[in-house]
Amino acid sequence: MKMIKAIVRPEKSADILACLAKNGFSAATRANVLGRGKQQGLKIDTIHYDELAKDSITVVAEDKDVQKVVNLIIDSAKVKKTGSYGDGKIFVLPVDAVYTISSGKEEL
């Protein structure tokens, strides 16, 4: 299993979550976060915004589904078809185990 964590533009979160759900990946967590990328924030005239509002979307998927989930996020997170700076990043991390709290069972 893998944890797929995407840091994306807040205005794209609903599109991403809808796309994931439509394709069978309805279990996800969304959180508002602040951060900056390679551009180190945003400068408009004399004002420098060091951290920008983003959303973090987390999905845990079986290994066989990871590339599909990543592709769905990429396709639905882009502002333009070609992509733009600030569209976000996706991180894929190993998951050793998942437990359902209510039952105590080890299961996804």
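Reader: How many salt bridges does a search of the whole structure find?

Author: This is a predicted model, where local features need pLDDT of at least 70, side-chain atom pairs count only at pLDDT 80 or more, and totals for chains, interfaces and linings use all residues. Residues are numbered from 1 along each chain as its sequence is written, and side-chain values use heavy atoms, leaving out hydrogens and water. A salt bridge is a side-chain nitrogen of Lys or Arg within 4 Å of a carboxyl oxygen of Asp or Glu. Searching the whole structure gives a count of five.

Reader: Which residue forms a salt bridge with Arg 30?

Author: The closest N and O atoms of the pair are 3.3 Å apart. Arg 30 lies in strand β2 and its partner in strand β5, so the pair ties together parts that are 25 residues apart in sequence; strands (E, at least two residues) and helices (H or I, at least four) are DSSP runs, numbered from the N terminus. The partner is Asp 55.

Reader: Is Asp 55 buried or exposed?

Author: Buried means under 20% relative accessible area, exposed over 50%, and partly exposed in between (1.4 Å probe, protein chains only). Arg 30, at 40%, counts as partly exposed. Asp 55 has 2% relative accessibility, so Asp 55 counts as buried.

Reader: Which residues of helix α1 are buried?

Author: An α-helix has 3.6 residues a turn, so residues three or four places apart point the same way. On the other side of α1, Ala 14 and Lys 22 are exposed. The buried residues of α1 (residues 13-22) are Ser 13, Ile 16, Cys 19 and Leu 20.
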